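Subject: Structure handover and notes

Dear colleague,

Here is the structure I promised to pass on, with my notes below it. Please open it beside this message and read the two together.

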Amino acid sequence: MLIDPRGPRFAAALTSAVLAAVLITGSGALLALQAAVFAVGAVAGVPRSPYGLLYRTLVRPRLGPPRELEDARPPRFAQSVGLAFALAGTVGFLSGADWLGLAATGLALAAAFLNAAFGYCLGCEVYLLLRRGTDRAGASA
């Protein structure tokens, strides 16, 4: 499946805002909601996530067509990575280990901001590195 690469960047901008709010408020409940958004993106795909739906219905109709499309698998993997960090952070905040909540949220925010501001998807790059590693391992076997 190919997707408009502007959709994940839009989602990353919203995610950055939510994660910044989590860092300011220390809200485990808000981070749990973001984890749910990541979960939908990881399971159903980025275009079907709540932020993907917002992009498709409110933003995309006001833009011209994308110059190119991208493979949906790397952003979907990135959503899984975001989910892991959000779950760790949620557990931290809700169990009283605020240091864990802050650290996990801060790392997730850094990755989301890189994508939103610069179009650099850290989780996508990890996906591609893992793919190359498994492709090489399969070729040498």
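Are Cys 121 and Cys 124 buried or exposed? Both of these cysteines are buried, and, with the caution that this is a predicted model, they also form a disulfide in which the sulfur atoms lie 2.3 Å apart. A search through the whole structure finds one disulfide. The torsion about the S-S bond of Cys 121 and Cys 124 is about 70°, so this disulfide is right-handed.

Turning to the helices, helix 1 covers residues 6-25, and its 20 residues reach 29 Å from the first C-alpha to the last, which is close to the 28 Å expected at 1.5 Å a residue. Its buried residues are Gly 7, Pro 8, Ala 11, Ala 12, Thr 15, Ser 16, Val 18, Leu 19 and Val 22. The partners against which the buried residues of helix 1 pack include strand 1 (2-3), helix 2 (28-44), helix 4 (73-95) and helix 5 (98-118). After helix 1 comes Gly 26, which has a positive phi, near 70°.

Leaving aside residues up to four places away in sequence, Leu 31 touches Leu 19, Val 22, Ala 86, Gly 89, Thr 90, Phe 93 and Thr 105. As general background, nonpolar side chains in soluble globular proteins tend to be buried together.

For the charged side chains, the structure holds three salt bridges, and Asp 4, Arg 6 and Arg 60 are linked in a network of them. Asp 4 counts as buried because its relative accessibility is 12%, under the 20% cut-off, whereas Arg 6 is partly exposed at 27% and Arg 60 is partly exposed at 26%. Elsewhere, the side chains of Arg 73 and Asp 71 form a salt bridge at 2.7 Å, N to O; Arg 73 is partly exposed, with 45% relative accessibility, and Asp 71 is also partly exposed, with 26%.

Lastly, a search of the whole structure finds three aromatic pairs, and I describe two here. The ring centres of Phe 77 and Tyr 127 are 5.7 Å apart with their planes at 50°, so the pair is tilted. Phe 77 belongs to helix 4 and Tyr 127 to helix 6 (residues 122-140), so the pair ties together parts that are 50 residues apart in sequence. Phe 77 is partly exposed, with a relative accessible area of 24%, whereas Tyr 127 is buried at 15%. Phe 113 and Phe 118 form an edge-to-face pair, 6.1 Å centre to centre and with 90° between the planes; here Phe 113 is partly exposed at 45% and Phe 118 is exposed at 59%.

How values were computed. Residues numbered from 1 in each chain as written. Predicted model: local features only at pLDDT ≥ 70, side-chain atom pairs only at ≥ 80, totals over all residues. Heavy atoms only, no water. Helix = DSSP H or I, 4+ residues; strand = E, 2+ residues; numbered from the N terminus. Expected span 1.5 Å × (residues − 1). Buried < 20%, exposed > 50% of the residue type's maximum accessible area, 1.4 Å probe, protein only. Contact = heavy atoms within 4.5 Å. Disulfide = S-S within 2.5 Å. Salt bridge = Lys/Arg side-chain N within 4 Å of Asp/Glu carboxyl O. Phe/Tyr/Trp six-rings, centres within 6.5 Å; stacked < 30°, edge-to-face > 60°.
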